[in-house]
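Subject: Structure for you to look at

Hi,

Here is the structure I promised to pass on. Please open it alongside this note.

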Amino acid sequence: LRSADVPSLLELPPGCVFHPRCPLSEPGLCDATAPALLPLRGREVACHVAVREGRPAAELLDVASTAT
């Protein structure tokens, strides 16, 4: 996690509401535009990065953690 701070439900951040604490967050994308709910491998996800890469966020995080 980038941050353990959970935003107020009364003042959600712009873009994806998870971007302040998401390790996959990309500046200029996740903080600017809310992701659409799109199909990915038989499920629906709302993540710019996961949809672009064609893999669920959990798989992308596994790859990132083994690369360090």
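Below is what I found in it.

This is a predicted model, in which local features need pLDDT of at least 70 and side-chain atom pairs count only at pLDDT 80 or more, while totals for chains, interfaces and linings use all residues. Residues are numbered from 1 along each chain as its sequence is written, and side-chain values use heavy atoms, leaving out hydrogens and water.

Along the sequence the pattern is β-β-α-α, with helices (H or I, at least four residues) and strands (E, at least two) taken as DSSP runs numbered from the N terminus. Of the 68 residues in the chain, 21% are buried, meaning under 20% relative accessible area, with exposed over 50% and partly exposed in between (1.4 Å probe, protein chains only).

Leaving aside residues up to four places away in sequence, Leu24 touches Val49, Ala57, Leu60 and Leu61, where contact means heavy atoms within 4.5 Å.

Cys22 sits in the segment before strand 1 (38-40). Is Cys22 buried or partly exposed? Cys22 is partly exposed, because its relative accessible area is 22%. Its C-alpha atom is separated by 10.0 Å from that of Ala57, 35 residues apart along the chain.

Happy browsing!
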